[in-house]
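Trainee: I am new to this structure and would like to go through it with you. Could we begin with the aromatic rings?

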Amino acid sequence: MALVAVSPPAALPQHGREPLSGRREASGGRGLQLPLSLYLDPSVLPEHAETLRELAQARPGYARVVDEQDGAIHVLGDFELEEVAALERRRCRVIGAPFAERILRDPAALSWVFALPLFDVIYRGEGSICCSGLKPADKMRCSAFARWMGARFSEELAPGVKLLVASRVSLHPDSKYQAALKLQIPIVRPSYIEMMWHTKGDVAMDTHVLPPLCGLGVCFDPRQAEIIEQLRNRAESAAAVMEALDQAEVVIVKDSFAPLYREARKMGILVAPPAWLERCLQLRRCVPIAGDFEVLHPKSAVLAVPSSSHPSTALAHSKLSGKLNLTDNQCGLALVECVLCLLYLAPGQQRDMAKGLAWKCGAFTTLDPLDRSITHVLFRVVGKRLVQVSVPIEDDRVAFIDVSWLEACVQEGRRVREESYPQQHVVYNPSCDAAIACVQERVPIGISAAAAGNTAQATLQAPPGVAMPPGVTIQKPPPTVVEQPPAAAAANTAAPVTATATRGGMGASSVAVASKASADTGYPPQRQPPMRSLPLVEQGIFAGTVLGMVGWTTGDADEQALIEKIRSQGGTVVHGGTPPEVLLDVQLDVLVCREFGPPPIPAPRVALPLATVHWVNACLADNTCHLRSSFPHFEPGPGPLPLEAMRGCSIRITALEACSHRRRKRIEELVVLLGSQVAQQDSRWAQITHVVCVVPELLDKRLFEGAMKRSKPVVTFQWLCDCFRMQARLPEDQYAVSIKSLAGSALQIGGVAGAQTSAASFATKVLASHEVLISPSALGSDPQLPRKAEELGAVAHTWRSFAELMALLEAYGVHPVGATVQGQGLGGSEDGEGSNSRRNVVVLLDQEEAGESTGPMAAFAAAAPPETRELFVIPSWLSETHRQLRRAPMEAFAALPTTEPGSPAAKRQRQDEATYAWQSAEFTRLEQLAEDSKTRAMQSKVQQKLNEGLRLAELRQGTSRLGG
């Protein structure tokens with residue numbers, strides 16, 4: 001609530017501050033009435049209460065002290081979380097005794113108030129306070145203390161936030177910590193707010209500033225002792241946490257040749273050089289690992305563009321080019337059998353330098369990803385990212401490798417091993433390949449001319465003086481005449497690229513010139529950041545997921561409706577923005593596309609999961625987050641829909657499992673999207689062109705024979721999937737269902753529904769009238785045992801202790817000593833009279849439990865009669881019964897040993913083993929150690945199964961209690 005300052009006895013003048021956004025006003029929306037009614041809580045000290053009464057009596061028209069709580073402002077001597085929360089639930093207005101004295105002495109102090117409850121105006125800082133990375137309890141305390149001291153609190157790092165309270169640093173680019181660093185907002189620990197509240201006064205911020213590496217898990221390479229000696233103590237003093245490799249967040253290595261570097265990259269852990277750590281300690285903040293603070297490959301420095309403004313850089317470049325002189329007339333033969341694809345290197349200096357190096361080794365170069373002669377695809381491998389390429393992935397023939405491999409070949413004058421150099425992670429996805437899109441002049445929206453570079457379709461080029469490999473020919477298309485500035489023509493002369501006129505009649509060079517001309521006009525496109533819609537609830541199928549939306553126009557009603565549905569399921573939606581590729585500036589989990597085909601944005605560096613509106617609608621309708629690979633139309637696919645070749649098809653969908661109406665609906669959506677019609681169950685054969693069989697084993701024989709008689713193709717569901725992926729109507733012969741797939745199917749008689757109904761009804765009678773008691777170890781070894789028992793018609797029980805087992809057995813008339821009660825247990829024959837009406841008891845006991853020589857179970861087994869011991873079987877009895885759909889003989893799976901009358905007693909196990917003269921004491925000790933180790937391993941395994949079984953039993957019994 002925003003209190004209003006008053007000058008007695010006139011009305012309260014409005015102060016210039018606004019109340020906290022989104023916070024309920026303590027006054028319930030009503031203005032304050034004079035005089036102010038103050039109710040003094042018993043927690044107010046007597047001397048302080050007497051002072052407040054005297055001040056109120058001195059200003060009778062401004063305030064008064066009352067004895068009734070209703071409608072009065074509660075004045076507390078001190079604030080406690082539980083007490084203040086209880087008063088807020090009663091919609092009471094609460095202030096502290098110090099603030100009550102302040103406003104009684106100076107009514108103008110009300111202008112300092114933002115909201116109630118307020119203990120006193122202690123925090124005098126400008127702007128709001130925001131929290132990051134705190135536990136829920138710590139965040140609640142921090143926000144409460146901040147409000148009680150007169151500060152505003154914000155859940156997001158919105159404009160106006162001037163202080164961030166964090167418990168640790170973060171390297172995530174979208175974190176509040178990194179955003180605060182960019183905005184130069186002070187970052188402090190929670191102790192700053194805690195100390196200010198406890199002292200009830202201002203506190204120096206310097207001693208509470210968040211250390212630069214607070215809570216960050218750091219791992220040093222143990223092989224680099226000099227780095228550890230220099231930086232480890234300094235990192236620990238900056239509150240870093242020394243972790244092992246698998247627990248670390250950042251690994252400090254000197255260069256990319258360290259073995260720890262490759263291990264960290266494989267595990268997805270950030271890697272930084274010592275210079276990054278020193279920079280963080282110098283600036284006293286955790287800066288991002290980017291630019292000069294990335295672990296680069298030493299041999300890749302030759303491809304850096306020298307800058308005239310930095311003489312040292314130019315000098316280093318000149319020294320390196322002394323070894324790699326690109327103007328030498330000599331040409332080596334080290335890579336004469338290699339064809340290098342340079343498509344994925346940046347156009348310009350980087351690509352031209354790689355081309356010169358390749359020719360120096362006698363290699364051939366190309367920009368055509370479909371060339372079957374390619375042996376190496378060159379990249380600048382930076383970080384662990386996935387690149388979408390158009391070159392077919394053949395591990396035994398094509399290597400996707402860093403350019404440092406090519407530089408090493410030039411330096412050593414031979415072909416070096418590819419395994420020693422960084423490999424690029426790629427995925428074959430031509431439809432989302434930005435590099436090939438530039439070459440074909442279908443540059444996605446947002447790729448500038450500088451990013452596209454020279455978009456010429458370059459053919460295979462041979463270095464001067466080297467013959468082509470056998471079977472490889474070079475096509476020399478007519479060059480396209482393009483007017484270029486003299487500087488550009490001179491640059492192109494050093495490293496020529498053969499260009500052909502691409503689609504639309506414009507060559508690559510003309511595209512670059514046109515783009516440059518448009519850039520020279522001085523009117524760059526406006527960039528507007530996207531909007532972020534936060535979730536409405538904390539739980540839901542999209543909870544914790546950030547979904548981007550692309551393809552909609554501004555203000556589209558369908559988009560707004562879809563956004564609200566996603567937010568109502570806990571999802572965060574990022575939408576809007578100009579141009580569309582601004583969505584890639586945000587960390588997205590899924591990008592939802594409106595249309596089918598490649599999205600209208602450039603392919604991101606990291607493969608971004610793509611989805612369609614149909615995936616979102618299916619997740620919302622089924623209240624579950626489906627896999628995007630569940631159905632083809634859950635992903636945008638390679639091209640637009642519908643397909644012209646599929647028009648005129650009328651498809652009947654059949655042979656689905658029972659209760660699969662959701663799957664049928666998704667398949668029908670796919671049929672309609674492809675451009676075909678769905679034939680209903682009552683459609684005539686004349687209206688049907690295709691029959692799609694989802695599960696061939698469930699196909700009705702009469703339907704199959706009817707389709708064959710009328711020459712209607714019966715195909716599998718894979719036909720629809722491949723038509724979607726290939727963007728064409730594929731031949732039905734490759735997907736035809738044969739009569740062999742129907743052999744032995746129970747559906748040949750009675751159809752799908754009849755076979756499933758009869759099978760289900762038969763299964764539920766196998767263990768009808770059975771009570772299956774499952775032990776904790778048996779449940780831990782196979783959690784599916786209760787489900788199997790219930791599917792066979794039995795009632796499954798789980799017991800957690802020997803006492804519970806005894807209670808269950810006694811409830812069903814089974815006693816440890818004496819015969820079972822008539823009509824219960826398993827005393828009668830399985831097929832005897834009355835077997836369908838009585839309840840049979842079966843106890844599943846794990847082998848380790850049955851083999852115990854001591855304990856209550858062993859005593860029970862010794863005292864129980866044979867007919868009672870027969871009730872105890874091992875879990876494989878139920879699994880075998882479930883597999884065969886018939887009751888397996890229990891004597892073959894007995895868990896407890898049965899002793900026949902007159903049978904000889906078991907031999908007593910010897911306590912001591914014989915020792916032989918040749919057996920040394922050391923050998924005996926080793927045997928004993930091995931036996932002890934084996935025993936401990938078995939005991940650990942048994943204990944793990946027991947703990948898991950107890951947990952599952954608790955969950956099962958808790959669920960049954962809730963259901964009751």
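Mentor: Let us start with a definition: rings of Phe, Tyr and Trp (its six-membered ring) pair if their centres lie within 6.5 Å, and planes under 30 degrees apart count as stacked, over 60 as edge-to-face and the rest as tilted. This is a predicted model, in which local features need pLDDT of at least 70 and side-chain atom pairs count only at pLDDT 80 or more, while totals for chains, interfaces and linings use all residues. Residues are numbered from 1 along each chain as its sequence is written, and side-chain values use heavy atoms, with hydrogens and water left out.

Trainee: How many aromatic pairs does a search of the whole structure find?

Mentor: The search finds 15 aromatic pairs. One of them is formed by Phe 79 and Phe 119; their ring centres are 5.3 Å apart and their planes are at 75 degrees, so this pair is edge-to-face.

Trainee: Where do Phe 79 and Phe 119 lie?

Mentor: Phe 79 is in the loop between β3 (73–76) and α2 (81–89), and Phe 119 is in the loop between α3 (97–105) and β5 (128–132), so the pair ties together parts that are 40 residues apart in sequence. Helices (H or I, at least four residues) and strands (E, at least two) are DSSP runs, numbered from the N terminus.

Trainee: Is Phe 79 buried or exposed?

Mentor: Phe 79 is buried, with a relative accessible area of 3%, and Phe 119 is buried as well, at 5%. Buried means under 20% relative accessible area, exposed over 50%, and partly exposed in between (1.4 Å probe, protein chains only).

Trainee: What about Phe 145 and Trp 197?

Mentor: Their ring centres are 5.4 Å apart and their planes are at 10 degrees, so the pair is stacked. Phe 145 belongs to helix α4 (residues 136–148) and Trp 197 to helix α6 (residues 190–199), so the pair ties together parts that are 52 residues apart in sequence. Phe 145 is buried at 4% relative accessibility, and Trp 197 is buried with a relative accessible area of 4%.

Trainee: Which residues do ring pairs link into a cluster?

Mentor: The cluster consists of Phe 79, Phe 119, Phe 145, Trp 148 and Trp 197. Lys 200 also meets two of these rings: its charged end sits over the ring of Phe 119, 5.4 Å from the centre, and Lys 200 lies over the face of Trp 197 at 4.1 Å from the ring centre. A charge sits over a ring if NZ of Lys or CZ of Arg is within 6 Å of the ring centre and within 35 degrees of the ring normal.

Trainee: Changing topic, which residues touch the most other members of the largest nonpolar core?

Mentor: Trp 615, Trp 719 and Leu 720 do, in a core of 56 residues. A second, separate core has 41 residues, including Val 772 and Phe 872. A nonpolar core is a set of buried Ala, Val, Leu, Ile, Met, Phe, Trp, Tyr and Cys residues joined through side-chain atoms within 4.5 Å.

Trainee: What does Trp 615 touch?

Mentor: Not counting residues up to four places away in sequence, Trp 615 touches several residues, among them Phe 542, Leu 547, Val 590 and His 626. Contact means heavy atoms within 4.5 Å.

Trainee: And what is Val 616 in contact with?

Mentor: Leaving aside its neighbours within four places in sequence, Val 616 is in contact with Phe 542, Leu 562, Ile 566 and Val 592. Val 616 is in helix α18 and is buried, at 0% relative accessibility. Its C-alpha is 8.8 Å from that of His 626, ten residues apart in sequence.

Trainee: Where are there cis peptide bonds?

Mentor: One joins Leu 116 and Pro 117, with omega about 0 degrees, and Pro 117 is in the loop between α3 and β5. Another runs from Leu 641 to Pro 642, with omega near 5 degrees; Pro 642 is in the loop between α18 (613–622) and β24 (650–654).

Trainee: What is the phi of Ala 655?

Mentor: Ala 655 has a positive phi of about 60 degrees although it is not a glycine. Most residues other than glycine have a negative phi. Ala 655 is in the loop between β24 and α19 (661–674) and is buried at 3% relative accessibility.
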